[in-house]
Amino acid sequence: MLVFPNAKLNLGLHITARRPDGFHTLETVMLPLPWCDALEVLPAAETSLTLTGRPIPGDPTTNLCRRAYELLRADFPAVPPVQIHLHKVVPIGAGLGGGSADAAFCLRALNTVLELSLTDEQLEAYARRLGSDCAFFIRNQPALALGRGDELAPLPLPQLRGAACKVIYPNLHISTAEAYAGVTPKTPAHALSAALAGPVETWRETVVNDFEAALAPKYPLLGQLKQQLYDAGAAYASLSGSGSAVFGLWPGRELPPALPLPAEYLVWDGQL
Ligand SMILES: C[C@@](CO)(OP(=O)(O)O)[C@H](O)COP(=O)(O)OP(=O)(O)OC[C@H]1O[C@@H](n2ccc(N)nc2=O)[C@H](O)[C@@H]1O
Ligand SMILES: Nc1ncnc2c1ncn2[C@@H]1O[C@H](COP(=O)(O)OP(=O)(O)O)[C@@H](O)[C@H]1O
């Protein structure tokens, strides 16, 4: 079975408290971004994971696809071995949730290939054990995320349907744990879902990603890229998640011409 794990964007992100287990509670809205990896899962004589494309840091045995399979095998010891191939496209350490998407799409593909008949609720429970963001990718629809980022409620965003979007990855890996460590949690001035109910043009004043201020002293480049997107006419621009990818939105409009950016940056242009 061949699937295409897509990335996500965060629209606003409030870090509201630090939990005793070291994780943080947050309020964010996530939406699927059609920038995709390719993942194939097939029954096989022996279990294997092969990787092509963008190099993934860390030991392949800790790859989230492998961990997804091991998690299911622990509960279903009779499942046959599988051959997994991941072609990595989405940049890593970008705030685009690429690894989390691979994990969730792998769980979904294994559910089909191994005929486990798990429900979305059950798949979300497995996904949560692999990472805070993973559960989002099981249903893979725009959602308000609370708690550790894994308590999800659908939040349709009709004003963004078909919006033009540009994502810039400035070839900079930001560790999620390090980014959280730099933020002082606080109660948000107003609820994110209320701010997002307004026209996209108002979001510049009302929708905030708390990681931006925390990362600004160390990475002034991120603010400069955001300004470049506004200068190119974006209705809204922001860091995604804990960065380093920055995106701009042009609802109901064409994308601007290519921006002057260093050759080593990756740019995704498309429609939501
Ligand atoms: C910041 C967000 C926003 O959507 O996305 P990314 O920027 O990573 O894409 C997420 O909260 C990232 O979720 P995810 O990438 O799944 O994180 P996890 O693997 O669960 O945790 C990695 C590390 O981040 C910190 N962490 C993560 C989630 C959370 N709610 N509180 C935390 O403090 C912890 O230090 C943890 O050890
Ligand atoms: N399949 C995978 N793809 C990407 N990263 C993976 C994968 N499996 C494990 N990882 C680990 O997860 C970390 C975070 O990956 P990712 O979700 O892409 O980050 P972010 O959401 O911050 O952009 C990486 O540093 C990598 O070591």
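These legends go with several close-up views of a predicted model. Residues count from 1 along each chain as its sequence is written, while chains are lettered from A and ligands numbered from 1 in the order in which they are written. Because the model is predicted, local features need pLDDT of at least 70 and side-chain atom pairs count only at pLDDT 80 or more, whereas totals for chains, interfaces and linings use all residues.

**View 1**
The chain splits into domain 1 (2–154) and domain 2 (158–271), with bounds that come from an automatic or database domain assignment. Their C-alpha centres sit 23 Å apart. Across the join, 24 residues of domain 1 are in contact with 30 residues of domain 2 (contact: C-beta atoms, placed from the backbone, within 7 Å). On the side of domain 1 that touches domain 2, strands S2 (6–18) and S3 are the elements giving two or more residues. S2 brings the largest share, 10 residues. That side of domain 1 divides into 14 nonpolar, 8 polar and 2 charged residues. Helices (H or I, at least four residues) and strands (E, at least two) are DSSP runs, numbered from the N terminus. As for the classes, Ala, Val, Leu, Ile, Met, Phe, Trp, Tyr, Cys and Pro count as nonpolar, Asp, Glu, Lys and Arg as charged, and the others, Gly among them, as polar.

**View 1. Ligand 1 and its shell.**
Ligand 1 has 19 residues around it, and Gly131, Ser132, Asp133, Gly241 and Ser242 come nearest (a residue is near if its C-beta atom, placed from the backbone, lies within 6 Å). Both domain 1 and domain 2 give residues to this shell, so ligand 1 lies between them. Strand S3 (24–36) and helix H5 (176–181) each supply at least two of the shell residues. By class, the shell holds 4 nonpolar, 13 polar and 2 charged residues.

**View 2. Ligand 2 and helix H2.**
Of the 20 residues around ligand 2, the nearest are Gly58, Leu64, Gly98, Gly99 and Asp102. Helices H1 (64–75) and H2 each give two or more residues to this shell, with H2 supplying the largest share, 4 residues. Domain 1 and domain 2 each contribute at least three residues. H2 itself (residues 98–113) has 14 of its 16 residues buried, so it is largely enclosed by the rest of the structure (buried: 20 or more other C-beta atoms within 10 Å of the residue's own, with C-beta atoms placed from the backbone). Just past the end of H2, Glu115 takes a positive phi of about 50°.

**View 3. Strand S9 and its two partners.**
In strand S9 (residues 164–169), 5 of the 6 residues are buried, so S9 is largely enclosed by the rest of the structure. S9 runs antiparallel to strand S11 (residues 246–250), joined by 5 bridges (strands pair if DSSP finds at least two bridges between them). Here Ala164 has Trp250 as its bridge partner. S9 also runs antiparallel to strand S12 (residues 266–271), with 6 bridges, and Lys166 stands opposite Asp269.

S10 pairs with S11 in the antiparallel sense over 4 bridges, and Ser238 stands opposite Phe247. The hairpin has 6 residues between the strands, and Gly241 takes a positive phi near 50°.

Conventions:
Buried ≥ 20, exposed ≤ 12 C-beta atoms within 10 Å, placed from the backbone. Contact = placed C-beta atoms within 7 Å.
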